[in-house]
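Below is a short report on selected sites in one model. Look at the sequence and structure before reading on.

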Amino acid sequence: MKEKPSLEHSERAVIEAAQERKLGEMLREVLAHNPFYRQKRRGISWSKGDSSLDYLAKVPLTTKAEFVSDQSQHPPYGTNLTYRLERYRRLHQTSGTTGRPLCWLDDEASWDTWMECWQAVYRGAGVQAGDRVFVAFSFGPFIGFWTAFEAAQRMGCLAISGGGQTSQQRIANLRDHSATVLVCTPTYALRLAEEGLAMGVDPRQLGIRTGIHAGEPGASIPATRQRIQEAWGAEPFDHVGMTEVGAVGFDCEAHNGVHLNEEHFIFEILDRETGSVRSGDGRGELVVTNLGRWGMPAIRLRTGDVVDLDRSPCPCGRTFARIKGGILGRVDDMIIVRGVNVYPSAIENIVRERPEVLEFAISVESQRQMRELKLMIELSDGAPADTCESLQKALQLRLNLRTSIEVVPRGTLPRGEFKTKRIVDAGSFPTRP
Ligand SMILES: [Zn+2]
């Protein structure tokens, strides 16, 4: 597929005019045929003289829970369907760790939009035709990196599947096929490097130039980013994507926050305290409307992700907005301990500065009405004896957090291929005897 020119360097007025036009076209189609959104806009009129953006501001926000409930009431796909089922080409599902998985259908045009968004991710990371892109992903029903795989091929790259393989097999594959780009979660990039070293292969010698990491915010967390870079000798790029909306964000060579793809989405910020939604800069929950996924759209979807939006110019020359530091955390993941509010990513940044800590997990326990934060860590051989003590001091000094730290046996903490669970129930892991 020939690449279409992108708006990523266009002036804001051009971007906004394109958003308004695309939104108008999308709303006309969706509101005419999609039962879910017809119901949501009930009682809201499109006044004469209102632009599509004016109208959008009147449509109530959508939550993921509404999609889940709609699909359980109208199984299996719910009512957020703009077309007849015959028109859809791809079916994916969320992981469903907290109940029924959410199904998501894409028609051909929606899938093409995904591909365009992923090409922006690859362009930002300097990936070019001729690159060999290895995708370390299971290729199950979860949409995950399916889109990365197919977009690589459309970019003129060699797309190499890492599905159905052990970590050792993946290391061998990276070597045998001279991969130049590695696509996986940040946690898995570190685990794969560990596995490589254990089999006597130095990941730095494999020739990987670029890493694209999604599913968790790690590649935007300075200490994690540095560890991936050192482990692979490759430049890590963050990417933000979600099943229900698409590939919304990409990193650039300036690593100055994650750019939001304003060509294919409209982004707003919800202030959870006041309930107000704004289109300007600042911190809050990210609200997304996709413009090119008409078959099963998300209009003003509350993502649950906390971000800090910034529209100041980026040194790379792109004019799309950025989220500083990537996704700062999930709304639900904010930990409040003794009056201190903290997201797991802030803790991760401090923990990952210590190479002797191989993996970590966080648990919050209530003791005598007080919430206590506990960290479980895995240590490398020969870790300094005072690791726990010095980590405790750093957390106290930099985050004002009082923690207890427990060393657990190697290999007991989760290191998933996708969305590693970092806040855990402390009772679920064996501790050192
Ligand atoms: Zn940039």
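**Metal site**

Along the chain, the donors of the zinc ion are spaced C-x6-H-x54-C-x1-C. They are Cys252 (SG), His259 (NE2), Cys314 (SG) and Cys316 (SG), at 2.1 to 2.2 Å from the ion. Donors here are N, O and S atoms within 2.8 Å of the metal (3.2 Å for Na, K and Ca); water is not among the atoms, so sites may look incomplete. The angles among the four donor atoms run from 105 to 114°, and the zinc site is tetrahedral. Four donors count as tetrahedral if all angles lie between 85 and 135 degrees. The ideal angle for four tetrahedral donors is 109.5 degrees. Cysteine 252 is buried, at 0% relative accessible area. Histidine 259 is buried as well, at 0% relative accessibility. Buried means under 20% relative accessible area, with a 1.4 Å probe and protein chains only.

**How the model was read**

This is a predicted model: local features need pLDDT of at least 70, side-chain atom pairs count only at pLDDT 80 or more, and totals for chains, interfaces and linings use all residues. Residues are numbered from 1 along each chain as its sequence is written, and side-chain values use heavy atoms, with hydrogens and water left out.

**Aromatic pairs**

The structure holds 13 aromatic pairs. Rings of Phe, Tyr and Trp (its six-membered ring) pair if their centres lie within 6.5 Å; planes under 30 degrees apart count as stacked, over 60 as edge-to-face and the rest as tilted. Two of the pairs are listed here.

| Pair | Centre to centre | Angle of planes | Type |
|---|---|---|---|
| Phenylalanine 67 and tryptophan 104 | 5.0 Å | 80° | edge-to-face |
| Phenylalanine 137 and phenylalanine 145 | 5.7 Å | 85° | edge-to-face |

Phenylalanine 67 lies in helix α4 (residues 64-73) and tryptophan 104 in strand β2, so their pair ties together parts 37 residues apart in sequence. Helices (H or I, at least four residues) and strands (E, at least two) are DSSP runs, numbered from the N terminus. Phenylalanine 67 and tryptophan 104 are both buried. Phenylalanine 137 is buried at 2% relative accessibility. Phenylalanine 145 is buried at 2% too. Ring pairs link Phe137, Phe139, Phe145, Trp146 and Phe149 into a cluster.

**Cysteine 103**

Strand β2 (residues 103-107) also holds cysteine 103. Cysteine 103 is buried, with a relative accessible area of 11%. Beyond its neighbours within four places in sequence, its contacts (heavy atoms within 4.5 Å) include Gln71, Tyr77 and Met296.

Notes:
Buried < 20%, exposed > 50% of the residue type's maximum accessible area, 1.4 Å probe, protein only. Tetrahedral: all angles 85-135°; square planar, octahedral: opposite > 155°, others 65-115°.
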